[in-house]
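Here is a short briefing on one protein model. Look at the structure first, then read the points below.

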Amino acid sequence: MKERGELFHDPNAPEGESLGPDFWTEATLEPPRKPRSVHLKLDPEVFDFFFAEAKGKGHLTRMQNVLKAYVKAKQRA
């Protein structure tokens, strides 16, 4: 991003609030979870929909986002 000029540093930006010692006492370190690679058969109309929505590139990310939203909705219910 730096090479593309997409990073911006504002030296006058306000400092963020302190989280305080209580936050760090309760904090736990969790190792990063690696995504799983799966083979998935889709109906042609499902694949074609996401492929067209993404105009080709990014269709798998869109599918992933829909599945994540579904999981979050089910977890709230």
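The side chain of histidine 59 reaches the backbone oxygen of glycine 56 at 2.7 Å. A polar contact is a pair of N or O atoms within 3.5 Å; within protein, one must be able to donate a hydrogen and the other to accept it, and residues adjacent in sequence count only if both atoms are side-chain atoms. This is a predicted model: local features need pLDDT of at least 70, side-chain atom pairs count only at pLDDT 80 or more, and totals for chains, interfaces and linings use all residues. Residues are numbered from 1 along each chain as its sequence is written, and side-chain values use heavy atoms, with hydrogens and water left out.

**Histidine 59**
- Histidine 59 lies in helix H3 (residues 59-76).
- Its relative accessibility is 15%, so histidine 59 counts as buried (buried is under 20% relative accessible area, exposed over 50%, partly exposed in between; 1.4 Å probe, protein chains only).
- Leaving aside neighbours within four places in sequence, histidine 59 is in contact (heavy atoms within 4.5 Å) with Phe47, Phe50, Phe51 and Ala54.

**Aromatic pairs**
- Rings of Phe, Tyr and Trp (its six-membered ring) pair if their centres lie within 6.5 Å; planes under 30 degrees apart are stacked, over 60 edge-to-face, the rest tilted.
- The count comes to three aromatic pairs.
- One of them joins phenylalanine 23 and tryptophan 24: centres 4.8 Å apart, planes at 90 degrees, so edge-to-face.
- Phenylalanine 23 is partly exposed at 40%, and tryptophan 24 is exposed at 57%.
- Phenylalanine 49 and phenylalanine 50 also pair edge-to-face, with centres 5.3 Å apart and planes at 90 degrees.
- Phenylalanine 50 is buried at 14%.

Terms used: Helix = DSSP H or I, 4+ residues; strand = E, 2+ residues; numbered from the N terminus.
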